[in-house]
Amino acid sequence: MSEFSVITLGCGSAKPSLRHNPSSTVVDFRGNLFMIDCGEGTQLQMMRSRLKFSRLGHIFLTHLHGDHVLGLPGLISTLDLQSTGGSLTIHTIAEGKRMIDDMLGYFARHIDFKINYNILDPEKEVIAFENHAMTVRTLPLHHRVPTLGFIFEEKPRPRHLDRAMCDFHGISTAYFNRIKAGEDYVKPDGTIIPNSRLTKDATPSLSYAHISDTAFDPKIAEAIGPVDLLFHETTYLERDAAFAIPRGHSTARQAAEAARIAGARWLLTGHYSTRYNDDEQFRREALQIHPRVITNREGLVVDLTRLP
Ligand SMILES: [Zn+2]
Ligand SMILES: [Zn+2]
């Protein structure tokens, strides 16, 4: 089971290609799968990456362009075939709910699992999802249709217990959870042992930002914040920058600039235009601005706990 991994199922763009699948990414967080976008063929890509359908509970849609949503009818039909009565939550704008309801009216009329919708405002930053260990917040992007980025942030972890110090002070295991949560320990004689003497610093929390599709905007980059891994679309190379702004996309150089402004540790490329044959070109261009860049491909697994 992965603590926090990002798995690429598709990193192509709108035109079909034999080299790449259309957009889909899965965040595997402590055994639960959170999908971002669901381009055509996504369910087969899940099978290739050995991701179990039964672990998928949430789908976040960045926007309603075909290369990001046309895999939904197939995936939902399959979930229905395999269903044992679970539920799926789709996070999308109001128009997305109408679109999916229409599709399901044809392809999955009598599904026996529940689809919940979390309707998102495309203009506002909101918390789309939260549980005891993680939040997912939205970030409005600049594209030709309403589009949202999603930022997955692990909540602060408890401090590590210094077992030797606890034993030294004769503290019973019954107090350990309270000490991990930050409490001081009061001895029976009233002496206070400060928490800092009984614990060590917590493992740092991890974060992932998924920013696609968008034109470059330094304000968006600032709002991303210093994530550990930033997927930022790199549809074009800088030599074709003239296409990027009118089409609401970014170049590899701009994505690297966004990573620099955000203070992101690592940049992950993707949403490649079919006009290029060598995906390493995006990395090389981005490396001129940002020192740590990963070239995306289908099947890539980035384990955030192992990033240097
Ligand atoms: Zn796209
Ligand atoms: Zn798009």
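Predicted model: local features only at pLDDT ≥ 70, side-chain atom pairs only at ≥ 80, totals over all residues.
Are Asp 67 and His 68 buried or exposed? Asp 67 is buried, at 9% relative accessible area, and His 68 is buried too, at 0%.

Asp 213 bridges the zinc ion (ligand 1) and the zinc ion (ligand 2), and the two ions lie 3.4 Å apart.

Select the zinc ion (ligand 2). Which residues are its protein donors? They are His 63 (NE2), His 65 (ND1), His 143 (NE2) and Asp 213 (OD), lying 2.2 to 2.5 Å from the ion. The site of this zinc ion (ligand 2) is irregular as well, with angles of 91 to 171° among its four donor atoms. Its donor residues are spaced H-x1-H-x77-H-x69-D in sequence.

Switch to a cartoon view and find strand β4 (residues 56-60). This strand belongs to an open sheet of seven strands, in the order β6-β5-β4-β3-β2-β1-β18, with mixed pairing. At the edges you'll see β6 (114-119) and β18 (301-303), each pairing on one side only. On average, neighbouring strands of this sheet are turned by 20° against each other, ignoring direction.

Zoom in on β4 and β5 (residues 87-92): the two run parallel and are joined by three bridges. What stands opposite His 58? That's Thr 89, in β5.

Helix α3 (residues 72-82) lies across β3 (32-36), β4, β5 and β6, and runs at about 165° to β4. Helix α4 (residues 94-107) lies across β5 and β6, running at about 160° to β6.

**Last stop: the aromatic rings**

Show the side chains of Phe 34, Phe 60, Phe 129, Phe 150, Phe 152 and Tyr 208, which form one aromatic cluster. The structure has 10 aromatic pairs. One to look at is Phe 34 with Phe 152: their ring centres are 6.3 Å apart and their planes at 75°, so the pair is edge-to-face, given that over 60 degrees is the cut-off. Phe 34 lies in strand β3 and Phe 152 in strand β9 (residues 148-154), so this pair ties together parts that are 118 residues apart in sequence. Phe 34 is buried at 3% relative accessible area, and Phe 152 is buried at 0%.

Stay on Phe 152 and bring in Tyr 208. Their ring centres lie 6.2 Å apart with planes at 45°, so this pair is tilted. Tyr 208 sits in strand β14 (residues 207-211) and Phe 152 in β9, so the pair ties together parts that are 56 residues apart in sequence. Like Phe 152, Tyr 208 is buried.

Note on methods
Residues numbered from 1 in each chain as written. Chains lettered and ligands numbered in written order. Heavy atoms only, no water. Donors = N, O, S within 2.8 Å, 3.2 Å for Na, K, Ca; no water. Buried < 20%, exposed > 50% of the residue type's maximum accessible area, 1.4 Å probe, protein only. Pairing = 2+ DSSP bridges. Helix = DSSP H or I, 4+ residues; strand = E, 2+ residues; numbered from the N terminus. Axes fitted to C-alpha atoms, helices over the stretch in contact; angles between N-to-C directions. Contact = heavy atoms within 4.5 Å. Phe/Tyr/Trp six-rings, centres within 6.5 Å; stacked < 30°, edge-to-face > 60°. Tetrahedral: all angles 85-135°; square planar, octahedral: opposite > 155°, others 65-115°.
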